[in-house]
Amino acid sequence: MLKRSWLAVILGFLVFLPASARADTTGYTFTYADLQKIFVQNQQYFVLDDDGANDASLNHLHFTSVDATDGVFTGALWAPVVVPAVAPVTVPVFGKLTIHTDLGIFGLSSDHGYYYEITFFWAHGDACEGQQASYKGAITFRGYQGGVMRGNVAGVIRSTLGTCGGGDLPSSPQPFAGKLTK
Amino acid sequence: MLKRSCLAAGLFLAVLTQPVSAQVAGYHFTYADLQKIFVQNNQYFVLDDEGFIDPTLNHLHFTSIDTTTGAFTGSLWAPTLLPPIPQQTVPVSGTITIYSDISDLGLSAGFGNSYAISFSWTLNGICQGQQAFYDGAIVFRGYQGAKMRGNLAGTITSYYSACGIGILPYSPQPVSGILTK
């Protein structure tokens, strides 16, 4: 009886899940070393244009290094347009990519590939007036087109502008989304 | 000395405000304003993930918004997130939270308020179910005709559970889109 119910559940589960999901995501099971290849060796970067609302020539997230064992990365954000505004400069960022597997509590896989979290922060300015921002989001990889892995990132920026005399001016949370390019 | 530093801060903010307002309209919306935009004017989000998702799917509509708390009910038309489900209208419930742009010293830079949005849904069948939680933020980018433009980005945390299988994770996934009508 137990075996039958297991079979029914697994068959039902397999019928229920696969087809439409594969149409949306390719289901990659990347390692940190793979991410390093994509972002550092192949120099792919995110254009954070907020679904077309920002100038696509600004807000570029580049990766300088990705640790192949733990996903810790360094990089740069070219001309962030998030509030509070800063002059168009290259802002160094520090963060972490975290791979979440698709394995359930009983060790079964949903077979849709891994999930990729991204967090990073930056500090910009001087002692009297400076911006601090932290980002938390997720990435989906959507398959190669020629030599370019396509994908997108979405999440939320929390930032404050510290001023002498004005206090810490908040502008959080703000949406932050874009796509992977080269 | 205090006056001088206030003046300096004011000048600094004046310098800042110009490029900011060029990008974000800096609205100070109340929950009642949000109810007008999302419920009375029927504006909704098309969550197409930077063009990767068919824009006829993944629509977030608002049915009601509490004008004092921001608690809302709504629906998601044809979510394409994992785990996949047949096309249908999924009821959602959540909260929009307004954060002011006032500093700890009571000053405003004129950035406008910030808007967080969280919502969840649950789909249950016989011996299986799905739970999803969204956490994101909205920016309003000004009217074009009668339509407020804006965008939303955040992440979904979702799980599928079934008898004998336990809980399978599908998280986190990015979700972003634009406000339309």
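From the N terminus on, chain B runs α-α-β-β-β-β-β-β-β-β-β, where helices (H or I, at least four residues) and strands (E, at least two) are DSSP runs, numbered from the N terminus. Counted up, chain B has two helices and nine strands. Hello everyone, let's walk through this one together.

A word on the ground rules: this is a predicted model, so local features need pLDDT of at least 70, side-chain atom pairs count only at pLDDT 80 or more, and totals for chains, interfaces and linings use all residues. Residues are numbered from 1 along each chain as its sequence is written, while chains are lettered from A and ligands numbered from 1 in the order in which they are written.

How confident is the predictor? pLDDT is its confidence in each residue, from 0 to 100. The mean for chain B is 86, and 86% of the residues of chain B reach 70 or more. Please be careful with residues 1–25 of chain B, though, where the pLDDT is below 50. Beyond near neighbours in sequence, that stretch still has 33 contacts in the model. By a contact I mean two residues whose C-beta atoms, placed from the backbone, lie within 7 Å. For the complex, the predictor gives an ipTM of 0.84 and a pTM of 0.85.

Chain A has three helices and nine strands, in the order α-α-α-β-β-β-β-β-β-β-β-β. Of its 182 residues, 43% count as buried. A residue is buried if 20 or more other C-beta atoms lie within 10 Å of its own, exposed if 12 or fewer, and partly exposed in between, with C-beta atoms placed from the backbone. For chain B, 40% of the 181 residues count as buried. If you take contacts in chain B between residues at least 6 apart in sequence, 50% join residues at least 24 apart; for chain A, that share is 49%.

Let's zoom in on helix α2 of chain B, residues 31–40, where you'll find L34(B). Why does L34(B) count as buried? Because 23 other C-beta atoms lie within 10 Å of L34(B). The buried residues of α2(B) are L34(B), Q35(B), I37(B) and F38(B). Here is a handy rule: an α-helix has 3.6 residues a turn, so residues three or four places apart point the same way. What covers those buried residues? The cover includes β2, β4 (89–99) and β7 of chain B. Just after α2(B), N42(B) takes a positive phi of about 60 degrees.

Which residues does L34(B) touch? Leaving aside neighbours within four places in sequence, L34(B) is in contact with F29(B), I65(B), G70(B) and I96(B). Take G70(B): its C-alpha atom and that of L34(B) are separated by 8.2 Å, although the two residues are 36 apart along the chain.

Two strands pair if DSSP finds at least two bridges between them. In chain B, β2 (residues 59–65) pairs in the antiparallel sense with β1 (residues 44–46) over two bridges, and F45(B) stands opposite L60(B) there. On to β3 (residues 71–77), which pairs with β2(B) in the antiparallel sense over six bridges; here S64(B) stands opposite T73(B). The hairpin of β2(B) and β3(B) has five residues between the strands, and in it G70(B) takes a positive phi near 85 degrees.

Finally, how do the chains meet? The contact takes 57 residues from chain B and 55 residues from chain A. On the side of chain B that touches chain A, α1(B) gives the most, with 10 residues. That side divides into 37 nonpolar, 15 polar and five charged residues. Here Ala, Val, Leu, Ile, Met, Phe, Trp, Tyr, Cys and Pro count as nonpolar, Asp, Glu, Lys and Arg as charged, and the others, Gly among them, as polar.

One last stop is the largest nonpolar core, which has 75 residues. Such a core is a set of buried Ala, Val, Leu, Ile, Met, Phe, Trp, Tyr and Cys residues joined through C-beta atoms within 7 Å. F176(A) and I117(B) have the most contacts inside it. Beyond four places in sequence, I117(B) is in contact with G94(B), I96(B), G136(B), A137(B), I138(B) and L152(B).

Note on methods:
pLDDT = per-residue confidence, 0-100.
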